[in-house]
Amino acid sequence: MNRARDKSNIKSTLLAWCLLLSLPLGALGQTSTVRGTVQGEDNASLSAARILVKGTQRGALTNEEGEFSIKAAASDTLVFSYLGYETQEVAVGDQTTINISLSIDNGSTLDEVVVVGYGTMQKSDLTGAIVSVRGDALTDVKSNNVLDGLQGRIPGVEISRDNGRAGSDFDILVRGRRSLNATNAPLVLVDGVPYGDNIDINQADIESIEILKDASSTAIYGSRGANGVILITTKKGKKGTSQISFNTYYGSANPFQKVPVYDRDGFIQAKIDANKDINNWDVEPNPLNVFLGDEIQGYENGTSTDWQDLVTRTGNQQDYHLAFTGGNEKTNYSTSFNYFREKGVIKADDFYRYTYRLNLSTKVNNWLSIGTSSIISYRQREGRGPRYTDAVISSPIVPAYDSTGNYIYQPNFANPRKSPLAWLEDVEERRETRVFATAFAQAQILPGLSFRTNINADINTNRFGYLYPQKVPTEGFPVSGASFYYGNSYLWNNILTFNRNFGDHRLNVTAAQELRYSRNENYSISGQEQQFDQTLWYNFSSNQMQQTASDLTETALSSVLGRVNYIYNDRYIFNISGRYDGASQLAPGNKWSFFPAGSFAWRISELGKLQDSKTLNDLKLRIGYGSTGNAAIDPYSTAAALNVNPLFYEFGAPGQEVPYFGYRPVALASLDLQWERTQQVNLGFDFGFFENRISGNLDLFQAKTDRLLLKDQLPPTSGFDNVFVNAGETSSWGWELLLRTINIDTRRFTWSSNISFFGSREKIVALASGLTEDEGNNWFVGSPISVHYDFNKEGIWQFGEEDDPTFTAPGEIKVQDVDENGVIDFDDRVILGTPQAKWSGSFINTFNFMNFDMTVNMYAVWGPMLNAGAYAYDPRMYDNMIAVDYWTPDNPTNAYPRYDASRAELPFESTLRYVDGSFIKVKNITLGYNLPKDVLQKAKFSNLRLYMSTRNPFILYSNLADGLDPERKGSISYPLARVVMFGANLTLN
């Protein structure tokens with residue numbers, strides 16, 4: 001019994017110990033809610049960071065404030081990960097709150113978040129051709145427009161400046177041209193709202209720029225997405241330390257281009273040669289028969305005038321930017337003030353801009369946030385300035401000023417052209433005010449399900465006034481006028497987003513509805529014989545011969561859209577989207593169109609042993625298809641139009657006419673018009689090797705655009721010349737390579753490179769009514785959209801070639817007899833080439849040595865044929881022109897023809913303007929120095945960088961004459977500026 005009692009005691013004791021031991025084990029097995037935040041190194045909240053319970057599939061994502069909550073036991077370990085940052089593990093223990101800061105993974109090339117249409121995605125989840133630019137790449141090139149710094153940096157994106165005027169805008173093409181009549185410019189949005197390519201935002205205010213290039217990415221924008229989409233995201237406030245930043249620079253500017261025209265001696269010799277008899281070349285002509293009017297005196301007294309120097313000046317650029325950012329648990333803010341001024345290199349060319357920006361958001365409670373994003377800008381351009389073209393061609397042997405120091409209105413009475421300096425008296429002024437404001441509210445309905453509504457108002461007023469005074473009694477009456485533009489655009493969209501993880505499955509669904517309304521009013525008034533010049537355009541009641549005009553346009557666009565992004569096991573990514581657009585400017589029955597897209601990506605580097613490869617770090621295959629539209633149809637163009645004309649008819653007595661107004665049809669209704677449509681296929685690869693020391697993207701694309709907006713000819717019996725129809729087709733294909741390399745990476749010295757290389761080919765597949773060519777527009781089926789169609793210059797006729805049936809005279813232009821019939825006529829014109837480059841690219845190198853940094857940006861364009869206005873040819877030498885190798889009996893060149901004062905026009909002169917426009921140009925060089933941290937701490941600064949930069953320093957290669965800027969494509973109006981600037985970036989926490 002004792003033995004049985006002992007066994008019973010042992011069992012009781014063991015049971016008691018088991019119960020006692022099970023208490024902590026049970027406690028450890030119980031889960032509780034762990035909350036916290038995830039931030040980056042700069043204390044910025046990381047949205048969509050992943051938190052995973054190690055060894056399980058349980059996980060969560062942070063919200064926009066970087067906050068998370070997850071069920072975990074004390075024995076669990078949480079794994080925190082975010083693209084572009086190093087993964088961290090934290091044991092839970094007895095913690096209920098975990099706030100963590102992730103460090104940037106310097107070996108990673110994956111950006112944390114990329115902005116896409118109506119949302120954001122992690123870069124590794126992208127399936128389309130999207131390029132993101134942020135950080136120093138946005139501010140390397142100091143300019144009034146952030147797009148200037150992107151020139152050549154982004155494969156597939158061509159950026160060129162309109163002209164060299166102060167504050168001038170840029171032309172942008174994404175993957176070339178595809179439309180014949182409609183715009184080829186991309187859609188530009190700021191914080192999700194259409195803004196236009198006239199960017200009034202300081203570079204320091206921009207967080208990132210995303211360029212959506214392929215149709216699978218842009219189809220979410222439907223009828224406006226065919227030409228690519230540029231998304232600009234401004235900086236938002238961040239939770240943490242408040243920050244004050246001040247950025248400024250001042251630069252001195254001079255003309256980068258000086259057209260190499262004849263100087264005094266060259267001009268005199270060319271005029272003498274133009275008046276010689278080629279059969280008696282040694283006989284010198286009488287100077288009285290060579291030089292015209294005032295040129296005779298200038299020839300005799302040694303006058304030498306450099307007109308280009310007289311109309312240009314040393315300009316400058318200055319920029320001042322002050323910003324305040326910060327936030328706390330509830331409210332984040334970012335606000336800035338900016339003043340930019342540019343004094344152009346052409347006299348009387350000035351530009352001013354003031355910009356105020358505010359981004360503000362606040363948490364009303366734990367599920368609702370509200371905020372605003374606003375930009376207010378004021379732009380002013382003053383001065384008409386002299387016409388640089390006139391300065392280029394004016395005679396160098398006539399004086400610019402008289403003996404009293406006043407400019408001479410007509411320097412050469414034998415040539416009716418007025419002095420380039422006379423334009424300085426003309427007054428022009430443009431003032432533009434814009435308010436671009438968005439208010440939003442965002443609600444977290446359920447975990448992973450959010451709703452956001454945005455309301456935007458874009459209000460623009462623009463006034464242009466001009467006064468062209470009477471400078472001399474013979475010039476004519478003074479003219480003044482003004483035009484006024486009032487544009488109001490309103491947008492309202494509602495976006496529902498679902499984002500959840502289910503084990504190895506991740507799902508992101510976006511659905512949205514959008515309404516946009518625009519109203520534009522234009523008014524203009526002009527007159528002559530203004531009593532007082534001082535009243536400018538403010539007293540039209542004193543003008544004679546007044547003319548007024550006005551118009552109004554209204555448009556509305558209604559859209560519904562959706563997108564589904566599904567990711568399995570971080571390897572396989574599927575994306576589908578669709579948008580249904582309805583436009584007011586289309587006719588009933590054709591107002592709505594659907595634009596679908598689909599894409600797939602396979603992260604090959606996530607397979608098996610590749611995950612642990614030290615050679616291959618990233619490899620992703622992308623393929624996509626999409627259909628997009630081009631919002632090319634002007635308001636009311638589908639409707640018939642009438643004009644009101646004064647008519648007369650007899651009434652009463654014979655011969656007595658009474659006026660009345662009648663209606664005359666001027667346009668036929670086009671009730672079947674639709675959007676132009678582009679269908680595009682894209683194949684892409686993302687790659688990274690050797691711990692991402694070498695990384696990049698390669699994309700190949702092919703696009704077809706049909707339903708082109710063209711004018712179709714009508715028979716005369718219809719009473720109309722033509723009518724707009726959807727007809728014709730174009731196609732294009734191309735390649736894009738972006739390569740990033742880290743060449744040297746040591747503790748004190750780093751050298752990295754960014755290389756872009758891209759090109760495209762385009763052609764016309766079909767025209768309206770089955771036509772194969774349209775010579776009036778230079779459109780030819782099977783040829784590029786833009787071509788040079790003209791005679792083909794073979795050389796210069798020489799002595800001894802008189803037996804050729806097409807011979808004209810020695811020293812004149814010889815062109816090809818294409819049909820070999822012995823007669824040169826219009827049938828001998830051929831397609832000479834295209835202004836489209838064969839390829840473009842850039843080579844950007846960044847060096848860092850201790851606290852010094854240096855960036856060198858080179859840009860190249862290869863293969864375009866230019867129609868260069870700089871090479872315009874006057875055989876009489878009435879005007880000055882670019883100095884060339886021209887023909888004489890003593891110089892039987894085949895380059896340029898002889899000058900001949902007896903001919904007012906030179907046959908086939910246009911053939912001299914076609915030149916190879918290839919060039920390699922150093923776009924920008926910047927050298928900077930960051931003050932050491934110990935110095936900053938004493939001054940209580942968190943950062944201070946001083947730098948020197950030069951824009952357009954020099955050309956490495958160009959086929960154009962020395963002095964011509966190939967970036968201006970042979971134009972001689974408004975040269976670009978070479979700017980040398982000094983600046984500072986200061987930050988205080």
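Predicted model: local features only at pLDDT ≥ 70, side-chain atom pairs only at ≥ 80, totals over all residues.
## Ground rules

Residues are numbered from 1 along each chain as its sequence is written, and side-chain values use heavy atoms, with hydrogens and water left out.

## The chain as a whole

The protein chain holds nine helices and 50 strands; these are DSSP runs numbered from the N terminus, with H or I over at least four residues for helices and E over at least two for strands. Along the principal axes, its C-alpha atoms fill a box of roughly 150 × 80 × 65 Å.

Of the 989 residues, 48% are buried, meaning under 20% relative accessible area with a 1.4 Å probe and protein chains only (exposed is over 50%, partly exposed in between). The accessible surface comes to about 45,100 Å², with 55% belonging to carbon and sulfur atoms; areas come from the Shrake-Rupley method with a 1.4 Å probe, and for residues only the protein chains shown count as cover. Contact means heavy atoms within 4.5 Å, and among contacts between residues at least 6 apart in sequence, 68% join residues at least 24 apart.

Strand β1 (residues 31-39) is joined to β4 by seven bridges, and the two run antiparallel. Here Arg 35 stands opposite Ser 69 in β4.

A nonpolar core is a set of buried Ala, Val, Leu, Ile, Met, Phe, Trp, Tyr and Cys residues joined through side-chain atoms within 4.5 Å. The largest has 56 residues, and among those with the most contacts inside it are Tyr 262, Met 881 and Tyr 899. Elements that each supply at least two residues include β17 (240-255), α4 (264-274) and β50 (977-988), and α4 gives the most, with five. Beyond its neighbours within four places in sequence, Tyr 262 contacts residues including Phe 267 and Ala 270, as well as Met 881 and Tyr 899. A second, separate core of 26 residues includes Val 131, Leu 150, Tyr 195 and Ile 201.

Helix α4 is largely enclosed by the rest of the structure, because nine of its eleven residues are buried. Among them are Arg 264, Lys 271 and Asp 273. The buried residues of α4 pack against α5 (287-290) and α6 (295-301).

Thr 628 is found in strand β29 (residues 616-630) and is buried, with a relative accessible area of 1%. Its C-alpha atom is separated by 5.5 Å from that of Gly 225, 403 residues away along the chain. Not counting residues up to four places away in sequence, Thr 628 also touches Phe 595, Glu 676 and Arg 677, among others.

Arg 898 lies in the loop between β46 (865-867) and β47 (914-916), and is buried at a relative accessible area of 10%. A polar atom of the Arg 898 side chain lies 3.2 Å from the backbone oxygen of Lys 276. Leaving out residues up to four places away in sequence, Arg 898 touches residues including Asp 273, Tyr 873 and Trp 887.

Terms used. Pairing = 2+ DSSP bridges. Polar contact = N/O pair within 3.5 Å; in protein donor to acceptor, adjacent residues only side chain to side chain.
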